[in-house]
Amino acid sequence: MTVESNGVSANELDSLQHGIIPISAFAAAGNMAGLRDALNQGLDAGVSLAEAREILVQVYPYAGFPRSLNALSELMQVAESRRRRGILDEAGREPGRPIPKGDALLAAGTANQTRLAGGPVSGPLFDFAPQANEYLRTHLFGDIFERDNLDWQSREVATVSMLAALSGVEPQLYAHIGISMNIGLRPEQLYTLADVLEARFGREAAERVRVGIQRQREARQQ
């Protein structure tokens, strides 16, 4: 077993990533009772308030602003309830570098998208609706992925968990499982993600991830 410098096996997810999984899934599904429990457990395990907030802001490109805003409201209430009970949660840190604006943001987002996808992203859909790819590059891969207070692997753990919680978005789920592998997440870590989903959220979501992992592995062997 290979062990990294932080004491976590290279084939395991770290404690932050374990906490991210149910938080992301319940937020994307709009299940506030489940999210409340996941937030309390995640904060107890050391997820900072800033990290939890980052995850819930990231819900908006995948499940929509209403669910992101509702989830952020739930976090605010959970944090206040914990504060009143004398629980001092770690504040965490905000991004350490300024986010580009205008053309520089589009350039940064395009570079991030290319790196994550393993090559330039194009195709008939984006020829038909080029503004969709521009929004992806500026708002998602620019505004969000330029924020450096959550690493890319953890952001992809969040994204895979969100998409797994939703039905009818398998193409996007499978694509993000591929992106996860592109940036160094191993199939074993993604299977762990599926196991956590099954235990904490639901079996159907877990099975979607397992199918996606197998499809990506088969595609990469061709």
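## Aromatic rings and a nonpolar core

Phe141, Phe145 and Trp152 come together as one aromatic cluster. Keep in mind while looking around that this is a predicted model.

Let's stay with the rings for a moment. The count of aromatic pairs comes to four. Two of them are set side by side here:

| Pair | Centre to centre | Angle between planes | Arrangement |
|---|---|---|---|
| Tyr60 and Phe65 | 4.3 Å | 10° | stacked |
| Phe145 and Trp152 | 5.9 Å | 70° | edge-to-face |

Why is the Phe145 and Trp152 pair called edge-to-face? Planes over 60 degrees apart get that label, and these two rings have their planes at 70°, so the pair qualifies. Are Phe145 and Trp152 buried or exposed? Both residues are buried.

In soluble globular proteins, nonpolar side chains tend to be buried together. Here, the largest nonpolar core has 56 residues, and the members touching the most others are Leu56, Leu193, Leu197 and Val209. Helix α1, which covers residues 15-29, supplies the largest share of this core, with eight residues.

Setting aside neighbours within four places in sequence, its contacts are Ile21, Ala25, Ala164, Gly202, Ala205, Ala206 and Val209.

Finally, a label from a record. An unreviewed UniProt entry lists residues 130-206 as "domain: Carboxymuconolactone decarboxylase-like". Over that stretch the chain is 77% helix and 0% strand, with 33 Å between the end C-alpha atoms.

Notes. Residues are numbered from 1 along each chain as its sequence is written. This is a predicted model: local features need pLDDT of at least 70, side-chain atom pairs count only at pLDDT 80 or more; totals for chains, interfaces and linings use all residues. Side-chain values use heavy atoms; hydrogens and water are left out. Rings of Phe, Tyr and Trp (its six-membered ring) pair if their centres lie within 6.5 Å; planes under 30 degrees apart count as stacked, over 60 as edge-to-face and the rest as tilted. Buried means under 20% relative accessible area, exposed over 50%, partly exposed in between (1.4 Å probe, protein chains only). A nonpolar core is a set of buried Ala, Val, Leu, Ile, Met, Phe, Trp, Tyr and Cys residues joined through side-chain atoms within 4.5 Å. Helices (H or I, at least four residues) and strands (E, at least two) are DSSP runs, numbered from the N terminus. Contact means heavy atoms within 4.5 Å. UniProt positions are given in the numbering used here, feature names are shortened, and annotations may be inferred rather than shown by experiment.
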